[in-house]
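Good morning, and thank you for joining this meeting. I would ask you to keep the sequence and the structure in view while I speak.

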Amino acid sequence: MRSPNPQSFGGMVIGYRWWIVAAWIAGAALVAPGAAHVEERLEVAASVQGSESERVQNLIAERFPGAFPSYAVVVVTGSPAPSTPPGRQLIGELRAILSALPVVSGTLSYLDAPDSAFVGAHGETYMVVGLAPRGRRIDEVLPILRGATTELASRIRTIYPRLEFGWTGEVPLNYDLRKTSAADARDAERRVLPITTVLLVLAFGAIAAALLPVLAGVLAISLALGAAVLLAGFWPLSLLLQNVVVMLGLGLGIDYALLVVGRFREAMLDGLAKEEAARVAASRAGHTITLSAAAVAIAFSALLVVPVNEIRSIAVGGLVVIVVAALLATTLLPALLSLLGKHIDTARVRGRSLGTASGIWRRWGRIVCAHPLTVLVVAGTPLGALAWQTTRLSTELPRGDWLPRGMESSRAVGALSAMGRGGIVNALRVVIQLPKNATWDTPAGWAAVRRAGEIIGRDPRVARVRSLPSVTGMVAPNFDLLSRVPASVREQMASADGRLALIEVLPTEAAGVRGAGELVQDLRASRQSLTGLPGSRTEIGGLPALNVDYEASTIGHLPMVMLLVVVVTLGSLLVGFRSALVAVKAVALNLFSVAVAFGAVVVVFQDGHGIRGLGLDGALGGTFPAIPLIVFAVVFGLSMDYELFLVARIAESKQLGMSDDDAIVEGLARTGGLISSAAAIMIVVFAAFTLGDFVLMKILGFALSVAVLVDATVMRLAVGPALLKLGGRWNWWPGKTYPLVRSLPNIQIHNSQGRLHGPSQSVS
């Protein structure tokens, strides 16, 4: 038997194994501690770079000093009505406490405008609080505000035992959603690790062999989160990154380690010494892992073209954890295996283990080769019907109350809705830029602002419009009366140079989130006719506009992302496999797996079939704009794992001189158990996220679970082999050798009849 070239990658890994182990220990000591601070360093706010909503936000911040460019709403329940002396005293004390905080730019409440809109049927009220971060991230402000109201509530609760302060609005909702998402990630990790360990023990038949992949997964997560904290110092990153890192760290980290440990044990069973077996595992599994990691990395890299901070953060998190997981599997694990040797089977719990050819999969391979068309029809028909449901996929925000009920901001939204004032959270902000010859206090400028406000106010989705003409009640500007308007009010609605005017629009309760979004789209479509003044310009911002821009950006970039991923992946597979048909088949099956995942989301979440089993009350009628992008990137990348596991072994067997049928059977026999075990772990990881409270992560976890289940069973173990059988000799055109087996030792393997089969010539 010829030894592998010591200068090969595997040879270098084993040759420098102590240096590699030391380097990983040092790297972990430096980077991993940062993972504990990930929630402190990553942002919770959402933004769409270069969008209209962002421009309006910046204009308000720069030109309207009193308009609260960022604000939160504190809802007060269980207290006297603000129209009573005790109620006014309580609101006055609240205003004094909040106004004294350095992060508050001002407040607006019943004390400033004794309007019935501030009072609910049972005396509840609310206060709008302008936010001034002053060098802090906007999400760092909320704990300060909550601390102040918590202290006030505890101090006077003896007087008002049912008193509650609840913070809501864009900033508190984003903060609570991302924190809930992060908590879901931690809970999922705690649920998954024990189950994963049991599955690995069952797969390997030995506790020691099972613990290595678990260690690899946990280490991948810690290092990736620590690296993300370092990157956050240079590039603002969203906290949603944490969910993706945990998902992929557990899934890919364990899968890659599973492949390496399986190949090592297989080489040990073939009689190789521990160093030789580790070299073979590093060379064989390393090439497969590199191709797989490249495929996943390509998918996540394409997300960087989307100008949404959350999507780009998911891309960064995915890329970091993919690189870390692949490096761990191809360097640290082989080094450790070369030291462990036969101790990898310590604490054996059963005789047969992963890494040996399976008779069940061998028999299944013969069936597929004997009846490929039948397998395709039986396996593909029901999946095709499910994939067809993708044509009905809605990317709108879910309807109804989908916010996690345990969030303070969600409960406060409910209290506002009970008051009929839920539109406060979904307020639109319309900025009118007037031409040079018509400032807001000229007859032409005043008429333009007044006309725009009246047109918007006539829309049935609008509850109230607030502008200078509506506040003053003047049909035309009267300088004497305008001089009596408080400066704070003017600063809220008009710029100092007279060129800009601000109109605040509150949607009705019935309009909801969807209606507010549709209102934004309609106003933007008719913006040219709103003012009736030539040369004026109108822009629409606010939370509903951010939602519209978010959806337009994510869905608008989906075709580009898909094209980039497909083209680059196809090219990398052509290089890796040197086969046109295998590359095209892999990409086609990946796209089909994505369609099946989308179809399942439509049936369960959009239509509501079986949704109660996932902890939701009924059909959502829509998903989220980010779901198609994220699911496509993750599923397309992960689906390549099992394709590479299987086709790499078939290619090896083919190059060792086997016939097409024998190579397919041998590939299934050698990888069927591996793929099943890896998929079971992936499904457990992703399914754990369906148990959380954040609906977006619940949908994502479900979609990925379905995709992996279908991909690892029907697609890779039935449809894929059947297509390879039908492809025959064309499978390996135009290449004549497969680079994976250039430097493998001359190891004999069994063909589908069980006879020993070796290569026709020495493999160097």
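I begin with a definition: a residue is called buried under 20% relative accessible area, exposed over 50%, and partly exposed in between. Asp522, at 39% relative accessibility, therefore counts as partly exposed. Please bear in mind throughout that this is a predicted model.

Asp522 leads us to the salt bridges. As a general point, side chains of opposite charge can pair when their charged atoms come close. In this model the count comes to 26 salt bridges. In one of them, the side chain of Asp522 meets that of Arg461, with N and O 2.8 Å apart. Arg461 lies in the loop between α15 and β6 (462-466), and Asp522 lies in helix α19 (residues 512-525), so this pair ties together parts that are 61 residues apart in sequence.

Let us turn to another pair, Arg362 and Glu666. Their salt bridge has its closest N and O atoms 3.0 Å apart. Which parts of the chain does this pair tie together? Arg362 belongs to helix α12 (residues 359-370) and Glu666 to helix α23 (residues 660-688), so the parts joined are 304 residues apart in sequence. Are these two residues buried or exposed? Both Arg362 and Glu666 are buried. They also belong to a network: salt bridges with shared partners join Glu266, Arg362, Arg649, Glu666 and Arg670.

A further salt bridge lies within one helix. Glu454 and Arg450 are both found in helix α15 (residues 443-457), four residues apart, which is about one turn of the helix. Their side chains meet at 3.2 Å, N to O. Glu454 has a relative accessible area of 36% and is therefore partly exposed. Arg450, with 30%, is likewise partly exposed.

I now move to helix packing. Two packed helices are described by the angle between their axes and the distance between the axes. Helix α5 (residues 85-99) and helix α6 (residues 141-156) have axes that come within 10 Å and cross at roughly 145°. The crossing of α5 past α6 is right-handed. On the α5 side, the contact is made by Leu90, Glu93, Leu94, Ile97 and Leu98; on the α6 side, by Leu145, Ala148, Thr149, Leu152, Arg155 and Ile156. Sorted by class, this contact has eight nonpolar, one polar and two charged residues.

By class, the contact of α7 with α8 has 12 nonpolar, one polar and one charged residues.

Helix α7 (residues 170-204) also contains Thr196. With a relative accessible area of 0%, Thr196 is buried. Which residues does Thr196 contact, leaving aside neighbours within four places in sequence? They are Ile254, Ile681 and Val684.

My last item concerns the backbone. Most residues other than glycine have a negative phi. Phe68 is not a glycine, yet its phi is positive, at about 55°. Phe68 is placed in the loop between α4 (52-63) and β1 (71-77). At 10% relative accessibility, Phe68 counts as buried.

Thank you for your attention.

Note on methods. Residues numbered from 1 in each chain as written. Predicted model: local features only at pLDDT ≥ 70, side-chain atom pairs only at ≥ 80, totals over all residues. Heavy atoms only, no water. Axes fitted to C-alpha atoms, helices over the stretch in contact; angles between N-to-C directions. Helix = DSSP H or I, 4+ residues; strand = E, 2+ residues; numbered from the N terminus. Left-handed = near helix turned anticlockwise from the far one by under 90°. Contact = heavy atoms within 4.5 Å. Nonpolar A, V, L, I, M, F, W, Y, C, P; charged D, E, K, R; others polar. Salt bridge = Lys/Arg side-chain N within 4 Å of Asp/Glu carboxyl O. Buried < 20%, exposed > 50% of the residue type's maximum accessible area, 1.4 Å probe, protein only.
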